[in-house]
Amino acid sequence: CGGLRAALALDWRAQSRHLFIFADNPCHGQDYHRYEDNFPDGDPRGDKPEEQVARLTKELEVSVKFIVVTKYTESMLNEINQRLRITYGCREVAQVDLSNCTDKDQAVEFVRAIQREVKRERVHMS
């Protein structure tokens, strides 16, 4: 939520607006996962990631992508995407899965994945 909070504070004036989220663990709150959490009731400031993403996509017209680097974020993404669809009527957060990359090809695959997503978004916006 802190990273999304910072993203909401940015000046999003460019025509092409992309936010890439990297996380190796889920956000706080047992609603999003079943792992041990110092804040099982959610973000200490009361922020909800799906609400923040909805504001970014609807109000600021930002394309939000999540870079998957571990399996630990899977249930969080599923829950956030479900809430985005049902509660906010938003598109799901697109996922770029890099969790199976090897050290050798990781950098190349990362660049290609980002290029694919930005290109896909440009086609979608046309």
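The values reported here come from a predicted model. Glu-50 belongs to helix H2. Apart from residues within four places in sequence, the contacts of Glu-50 are Tyr-32, Ile-80, Arg-83, Leu-84 and Tyr-88.

One of these contacts is also an ionic pair: Glu-50 and Arg-83 form a salt bridge, with 3.1 Å between the closest N and O atoms. Because Arg-83 lies in helix H3 (residues 74-88) and Glu-50 in helix H2, the pair ties together parts of the chain that are 33 residues apart in sequence. Both partners, Arg-83 and Glu-50, are buried.

The accessibility classes of Arg-83 and Glu-79 can be set against the cut-off. Arg-83 counts as buried because its relative accessibility is 19%, and buried means under 20%. Glu-79 has a relative accessible area of 22% and is therefore partly exposed. A network of salt bridges links Glu-50, Glu-79 and Arg-83 with Asp-31.

## A salt bridge between helix H1 and a loop

The structure holds nine salt bridges in total. Among them is the pair Arg-5 and Asp-47, whose side chains meet at 2.7 Å, N to O. This pair links distant parts of the chain, 42 residues apart: Arg-5 is in helix H1 (residues 2-8), while Asp-47 is in the loop between strand S1 (18-23) and helix H2 (49-59).

Arg-5 counts as partly exposed because its relative accessibility is 25%. Asp-47, at 24% relative accessibility, is likewise partly exposed.

In soluble globular proteins, nonpolar side chains tend to be buried together. In this model, the largest nonpolar core comprises 21 residues, and those with the most contacts inside it are Leu-19, Leu-56, Val-64, Phe-66, Met-76 and Leu-84. At least two residues of this core are supplied by each of H1, S1, H2, strand S2 (63-68) and H3. H3 gives the largest share, four residues.

Not counting residues up to four places away in sequence, Leu-84 touches Glu-50, Val-53, Ala-54, Gly-89, Cys-90, Arg-91 and Val-93. There is also a second, separate core of seven residues, including Ile-67, Val-96, Ala-113 and Val-118.

Strands S1 and S2 run parallel and are joined by six bridges. His-18 stands opposite Ser-63, a residue of S2. From S1 the chain passes through H2 to reach S2, a β-α-β crossover that is right-handed.

Technical notes: Residues are numbered from 1 along each chain as its sequence is written. This is a predicted model: local features need pLDDT of at least 70, side-chain atom pairs count only at pLDDT 80 or more; totals for chains, interfaces and linings use all residues. Side-chain values use heavy atoms; hydrogens and water are left out. A salt bridge is a side-chain nitrogen of Lys or Arg within 4 Å of a carboxyl oxygen of Asp or Glu. Buried means under 20% relative accessible area, exposed over 50%, partly exposed in between (1.4 Å probe, protein chains only). A nonpolar core is a set of buried Ala, Val, Leu, Ile, Met, Phe, Trp, Tyr and Cys residues joined through side-chain atoms within 4.5 Å. Contact means heavy atoms within 4.5 Å. Two strands pair if DSSP finds at least two bridges between them. A crossover is right-handed if, with the strands pointing away from the viewer, the path from the first strand over the helix to the second runs clockwise.
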